[in-house]
Amino acid sequence: MKKKLLLGDEAIALGAIHAGLSGVYAYPGTPSTEITEFIQGNSLARERGLHCRWSTNEKTAMEEALGMSFMGKRALVCMKHVGMNVCADAFVNSGMTGVNGGVVVLAADDPSMHSSQDEQDSRFYGMFAMVPTFEPSSQQEAYDMMSAAFDYSERVKLPVLMRVTTRMAHSRAVVRVADEARPENTMNYDAEARNWVLLPANARRRNDHVTAQQAELENDACTSPYNIYSDTADHTLGIIASGIAYNYVMECFPNGCPYPLLKVSQYPLPRKLVRQMLASCERTLIVEEGQPFIETQVRGVADMPHVLGRLDHTLPRTGELNPDVVCRALGMPTDPCYDACADVVPRPPALCQGCGHRDVYTALSEVLREYDNARVFGDIGCYTLGFLPPFHAIHSCVDMGASITMAKGAADAGQWPAVAVIGDSTFTHSGMTGLLDAINENADITVIISDNLTTGMTGGQDSAGTNKFEAICRGLGLSDDHLRVVVPLPKNMPEITQAIRDELNYHGTSVIIPRRECMQTLQRHLKQKKNQRQ
């Protein structure tokens, strides 16, 4: 075994490669992005020719992985927690089809919403789809679990959901890794069409099978090496801890936990072990990162006053946990807290200096001052920062692709002018169908596809539609008369403002594409060219 210092994301990626991975399918999203980037840069992955290009969105990623599984090979799907909403149709139905080659779906949750719209807990998706869920408590487990998850997926013929959180994904630890990687699966034709064609007759049969399989999955969880019950003499309190929250409990007790402790890292919830604790302990504290997923289930088999956690506010109902929060819940002293220095000036995120989005918002704000009650519907990306000073340029940002459809809905209600601002990667992710709706009804909206030639918000990954946006818009039926391309630079401000003004005053669907490369990727590309010349 070799030792490597790895991020949790990197441990997951390397674990997947060493488990015989044939392809990773993903859309970039913090805190999951580094998994695919690690595989893209890994020498063994390149040597084996593993698939590692970015998918257009999470739904296409999930379906592509199912196609690889259908042919008997192992596939990894990666996304942040809100991406689970996008791939839910395929993910939930993958529990019905089952798998041939192993499939692991990695969902990276973001408690405290460091870069997200909500604190969604992906473990509920595992329960909803009736598929096993793994939740590593350390980088070492994250590495080890990838091999276990692929093996388990192929044994029970179901996809496996693996759930991590931001601190697990983005913290480093020394990980012992294998000297050699398992070979890839050979392609086979073992997938049975009657399992994969979800006509009602087939689906009902599969539904009965997967439902009956839940008892087996729970029994496996009770005997899993990742679910560990540690007993002690002091039964005044029992603790159930999952994932990274288990580490926080152990940090509170450097000399060992004095209470019975159940570590949960594989689901369905091992109710036999839970009942063992509830029967012997006066009270039980549930320590879990995210929503009260375990706690809600435990309260279903125990008297309410004896179960403590997020629901009774022993732990905070929202936000990330940390060792101090857990210590306070245990009634233990913590280190003194220090208030932020009043002399430190806050530094909220801002658009980079020289960013083309800045020029887009400058031009748009200038033109919209000429109109009463203009409304601008924003989207997910760097340009969401246009809500902040000095621009104050957008009025909404809900989910990927919502700018165009919300603008259309507002126009349907009588709003004018209604403007949608969407980025290039978000447009191909989930904006194209909304634009098709608008074009089909010739909705009175102006769509600005702010094209910086990359997926900028997550670090500059390739964007699926680069150099294709005009063709996409034409293919959806947009007239060339109302498809404009501009270069967002201060010297071009008169041209840009006139283009916006013209299209606002056209009472139908129009698209403006301001195109200039992201400053961050531009600097990288210039540096690469300089190094090549040298």
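First, the ground rules. This is a predicted model, in which local features need pLDDT of at least 70, side-chain atom pairs count only at pLDDT 80 or more, and totals for chains, interfaces and linings use all residues. Residues are numbered from 1 along each chain as its sequence is written, and side-chain values use heavy atoms, with hydrogens and water left out.

Start with β15, residues 418–423. Helices (H or I, at least four residues) and strands (E, at least two) are DSSP runs, numbered from the N terminus. Is β15 buried or exposed? Buried means under 20% relative accessible area, exposed over 50%, and partly exposed in between, with a 1.4 Å probe and protein chains only. In β15, 6 of the 6 residues are buried, so the strand is largely enclosed by the rest of the structure.

Now look at its faces. In a regular strand, side chains alternate between the two faces of the sheet. On one side of β15 sit A418, A420 and I422, on the other V419, V421 and G423, and all are buried.

Who are the neighbours? Two strands pair if DSSP finds at least two bridges between them. Strand β14, residues 375–377, runs parallel to β15, with 3 bridges. There, R375 stands opposite A418. Strand β16, residues 446–450, is also parallel to β15, and 5 bridges join them. Here G423 stands opposite S450.

β14, helix α17 (residues 402–412) and β15 form a right-handed β-α-β unit. Right-handed means that, with the strands pointing away from the viewer, the path from the first strand over the helix to the second runs clockwise. Another right-handed unit is made by β15, helix α18 (residues 424–441) and β16.

On to the pockets. On a 1 Å grid over the protein atoms alone, a pocket is an open set of points where a 1.4 Å probe fits, with protein on both sides within 12 Å along at least five of seven lines; lining residues have an atom within 4 Å of a point. Which residues lie nearest the centre of the largest pocket? They are K80, S115, I380, G381 and M457, out of 49 lining residues. Helix α18 returns here: along with α2 (33–41) and α5 (81–86), it gives two or more residues to that lining.

Last, the second largest pocket. It has 25 lining residues, and C352, C355, C382, G456 and C518 are the closest to its centre. The largest share of this lining, 4 residues, comes from α21.
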